[in-house]
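Please consider the sequence and the model shown here.

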Amino acid sequence: MSAGPANDILLDVRKLVKYFPITKGFIVQRQVGAVKAVDGVSFAIRRGETLGLVGESGSGKTTTGRVILRLMEPTSGEVFFEGRNLFKITKEELRKLRRDMQIIFQDPYSSLNPRMTVGDIIGEPLEIHNLARGKEKVRRVQELLEVVGLSPHHTNRYPHEFSGGQRQRIGIARALAVNPKLIICDEPVSALDVSIQAQVLNLLEELQKEFGLTYLFIAHDLSVVKHISDRIAVMYLGKIVEIATADELFSNPQHPYTEALLSAVPIPHPGFRRDRIILPGDVPSPVNPPSGCRFHTRCLYARESCSINEQDLVDYWGNGHTVACEVQPFRQQRSKAAVLKQPTA
């Protein structure tokens, strides 16, 4: 699937880079290196679409989301929101645009101020952006609580009086308060029980249909991402290595890293199993990542050129399925990750 016509693109990320400097010295500090958390990430999200961003811990997913919202300042790159470069606008212009871009955090407890009531937490963005005050604010807060499946009578309670799932619903209501166009969901269900995860995911899908929302859904659980995403981008050590529709990625993974990730996904059927691909070695340090393809030190198909040539995302098949790999010996055969085997008696 292609990125769609230009006027249909809500968010366009181009070669985004975020390095965290490593300094040495007590009195006079000097930079001796950098953690390359995000290193040349590019993708686009259409209006009303959900793009899942997956990868193991430390791959740079959360940093990418925070830099897009300018909760962290970028090292370089560009991010266009409705055609406007977010890195070249004034603070006042950015403040106005924050109405259109919101975030749902991973931890539903630490992201809520324990000294504020639920009504104050949800109502605060309404006051900041001059959308509602007084009785109108109270009415709007009660409406938002109902929208996310909570009671309007919860406005005077505090976060510690709610369960984890309820607290995440409060965080969702706060994000919805200013009628955003884009919501970055930073692992919004990873801290919840499995049964509660399903409820929150269903809620997010219902809200997307009702309000025409666009999601960047960050997670490391591939089953969760497949359920909610239209397209999925796979990230490894600060770079995106593959982007495809959810069905295409799961049925036909083309990058060796994606193949290995999918091989670890449990199959909810006792009569089938999947060949597990065990990657050699450990994830390299983002302080000193490998040259060329960053995955070549663990890749089962790596050639000598992989350590020299840095790979860009290429659409080899003309269907929007892009992959950053030059070897691809598995293009002509069925991926091990996609083969389900029924054990013999």
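The paragraphs below begin with the basis of the model, turn to a helix and its neighbours, and end with loop residues.

This is a predicted model, in which local features need pLDDT of at least 70 and side-chain atom pairs count only at pLDDT 80 or more, while totals for chains, interfaces and linings use all residues. Residues are numbered from 1 along each chain as its sequence is written, and side-chain values use heavy atoms, with hydrogens and water left out.

Helices (H or I, at least four residues) and strands (E, at least two) are DSSP runs numbered from the N terminus. Helix 5, residues 164-176, has 13 residues and spans 19 Å from its first C-alpha to its last; this is close to the 18 Å expected at 1.5 Å a residue, where the expected span is 1.5 Å times one less than the number of residues. Of its 13 residues, 11 are buried, so helix 5 is largely enclosed by the rest of the structure. Buried here means under 20% relative accessible area, exposed over 50% and partly exposed in between, with a 1.4 Å probe and protein chains only. Among the buried residues are Gly165, Arg167, Ile170 and Leu176. The buried residues of helix 5 pack against strand 6 (101-104), helix 3 (118-128), helix 4 (134-147), strand 7 (182-186) and helix 6 (194-211), contact being heavy atoms within 4.5 Å.

How do these helices lie against one another? Axes are lines fitted to C-alpha atoms, for helices over the stretch in contact, and angles run from 0 to 180 degrees between N-to-C directions. The axes of helix 3 and helix 5 come within 7 Å and cross at roughly 25 degrees. Helix 3 is therefore roughly parallel to helix 5, since angles under 35 degrees count as roughly parallel, over 145 as roughly antiparallel, 65 to 115 as roughly perpendicular and the rest as oblique. Val118, Ile121, Ile122 and Pro125 of helix 3 meet Ile170, Ala173 and Arg174 of helix 5. By class, the residues of this contact of helix 3 with helix 5 are six nonpolar, no polar and one charged; Ala, Val, Leu, Ile, Met, Phe, Trp, Tyr, Cys and Pro count as nonpolar, Asp, Glu, Lys and Arg as charged, and the others, Gly among them, as polar.

Helix 5 and helix 6 pack at an angle of about 15 degrees, with their axes 10 Å apart, which makes helix 5 roughly parallel to helix 6. In this pair, Gly165, Gln168, Arg169, Ile172 and Leu176 of helix 5 meet residues of helix 6 including Ile196, Leu203 and Phe211. The contact of helix 5 with helix 6 has eight nonpolar, three polar and one charged residues.

The axes of helix 3 and helix 4 come within 9 Å and cross at roughly 115 degrees. The residues of the contact of helix 3 with helix 4 divide into six nonpolar, two polar and four charged.

The loops remain. Glu187, in the loop between strand 7 and helix 6, has a positive phi near 50 degrees without being a glycine, and is buried at a relative accessible area of 9%. Leu237, in the loop between strand 9 (231-236) and strand 10 (239-245), likewise is not a glycine and has a positive phi of about 50 degrees; Leu237 is buried, with a relative accessible area of 3%.

Glu49 lies in the loop between strand 2 (30-46) and strand 3 (50-54) and is buried, with a relative accessible area of 3%. The C-alpha atoms of Glu49 and Asp230 are separated by 6.4 Å, although the two are 181 residues apart along the chain. Not counting residues up to four places away in sequence, Glu49 touches several residues, including Ala44, Gln208, Tyr215 and Asp230.
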